[in-house]
Amino acid sequence: MPRPVLLIHGGAGDISDSRIAGKFAGIKQALRSAWGLLSPDNGSGGGSALDAVEAAVRSMELDENFNAGYGSCLNTNGQVEMEASLMEGRDLRAGCITLLQDVMHPITVARRLMEKQRHTFLGGAAAQELALATGSERLQPGALVTEGARFTLKEFQDQMTQGKDPFFARTELAEDKPVPKTDPSGETVGAVAMDASGQIVVGTSTGGITGKWPGRIGDTPILGSGTYADNCRGGVSTTGHGETLMRYNLAQRILAAMEYQGLSAQAAADKECREMTKRLGGTGGAIVVGHSGDLGISFTSRRMAWGYVQDGTIFYGIEGQVVHQEPFTVST
């Protein structure tokens, strides 16, 4: 029987020192809120990877330390446009949502679409209609906009006025310093889980990039770029500069390296993240769970927040090979 696994990320990018504590707190909270739905110690002999992934992503969508849900970046009109995807690896079912506004938890809307099984991808007004028709609350316009998001948009607009290249707009909020033009970065949240039945599920959610044009769609809702799950190979959730990730098709390349080159989850993630940045210049990262339960955590951005639970311990980190750990305690 496979050993349940839950691995999450809170985005890759030029994350400032001042935001590390909030990232760590949010990562640990998401793991605590979701692990009980997956753990074999939950009294049912093991729970659902689908429930665990949704719960972990929902937790981060509520946390302004992450660019997803509440805390999302703003487009040039000062609005939040969100996207998410969810995929399960047994039957390759998926739900992909984009251009969602004024509702909470895009990941849950993606799950509802996946479970309807009629379409895989909805955007704009159709995604909005699905959300409201299936239980999402219509929020007041601007309810998801934070002060950090407003600050970062103003900074972006100031940089554009100075003639700086908007292609490298950041997605991290309220940074201590500008993002170098040579380091395009991105920010997303995601989770990959495998339950005791061997089912692999991946979910990814984002608010996009600061100063994006209204209607811009990134890599997050695109299968093979931001999200992919296949019980025969593994599951991947990516994060980073969206235009780079979707052009490189990072999630599928990692899974292909595992399948056809015999690489471990870690080796495949390292190889393809490096190759992507070498070829296209943009940075990013990925979390990977192989079909045997091995983990991969890799990024070419300055930092990427990540965490997982193993043997009663939470392991988490944000840069290089530095790994923090602490005893796991159930969220209350």
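# Exercises on a predicted model

Thr188 sits in the loop that runs between helix H5 (147-161) and strand S5 (189-194). Helices (H or I, at least four residues) and strands (E, at least two) are DSSP runs, numbered from the N terminus. The model is predicted: local features need pLDDT of at least 70, side-chain atom pairs count only at pLDDT 80 or more, and totals for chains, interfaces and linings use all residues. Residues are numbered from 1 along each chain as its sequence is written, and side-chain values use heavy atoms, with hydrogens and water left out.

## Exercise 1. The active-site entry

State whether Thr188 is buried or exposed, and list its contacts beyond four places in sequence.

*Solution.* 
1. The unreviewed UniProt entry gives Thr188 as "active site". UniProt positions are in the numbering used here, feature names are shortened, and annotations may be inferred rather than shown by experiment.
2. Thr188 has 2% relative accessibility, so it counts as buried.
3. Contact means heavy atoms within 4.5 Å. Leaving aside neighbours within four places in sequence, Thr188 is in contact with His9, Gly10, Gly11, Asn67, Thr204, Ser205, Thr206, Thr220, Thr238 and Thr239.

## Exercise 2. Positive phi

What is the phi of Leu99, and what is that of Asp102?

*Solution.* 
1. Leu99, found in strand S3 (residues 94-100), has a phi near 60°, a positive value in a residue other than glycine.
2. Asp102 is not a glycine either, and its phi is positive at about 55°.
3. Asp102 is placed in the loop between S3 and helix H3 (106-116). Its relative accessibility is 22%, which makes Asp102 partly exposed.

## Exercise 3. Aromatic pairs

How many aromatic pairs does the structure hold?

*Solution.* 
1. Rings of Phe, Tyr and Trp (its six-membered ring) pair if their centres lie within 6.5 Å; planes under 30 degrees apart count as stacked, over 60 as edge-to-face and the rest as tilted.
2. The structure holds three such pairs. One of them, Phe24 with Tyr316, is edge-to-face, at 4.8 Å centre to centre and 75° between the planes.
3. Phe24 lies in helix H1 (residues 20-35) and Tyr316 in strand S12 (residues 313-317), so this pair ties together parts that are 292 residues apart in sequence. Phe24 and Tyr316 are both buried.
4. In the pair of Trp306 and Tyr308, the centres are 6.0 Å apart and the planes are at 15°, so it is stacked. Trp306 and Tyr308 are both buried.
5. One aromatic cluster is formed by Trp306, Tyr308 and Phe315.

## Exercise 4. Nonpolar cores

Which residues touch the most other members of the largest nonpolar core?

*Solution.* 
1. A nonpolar core is a set of buried Ala, Val, Leu, Ile, Met, Phe, Trp, Tyr and Cys residues joined through side-chain atoms within 4.5 Å.
2. The largest core has 45 residues, and Leu6, Ile8, Ile27, Leu86 and Ile97 touch the most other members. Helix H2 (residues 49-61) gives this core its largest share, eight residues.
3. A separate core holds 35 residues, among them Ala12, Ala94, Ala269 and Tyr308.
4. Beyond four places in sequence, the contacts of Ile97 include Met82, Val109, Phe121, Leu130 and Pro221.

## Exercise 5. Cysteines

How many disulfides are found in the whole structure?

*Solution.* 
1. A disulfide is a pair of cysteine sulfur atoms within 2.5 Å. The search finds zero.
2. For Cys232, the nearest cysteine sulfur belongs to Cys96 and is 20 Å away.
3. Cys232 is exposed at 64% relative accessibility, whereas Cys273 is buried at 0%.

Note on methods:
Buried means under 20% relative accessible area, exposed over 50%, partly exposed in between (1.4 Å probe, protein chains only).
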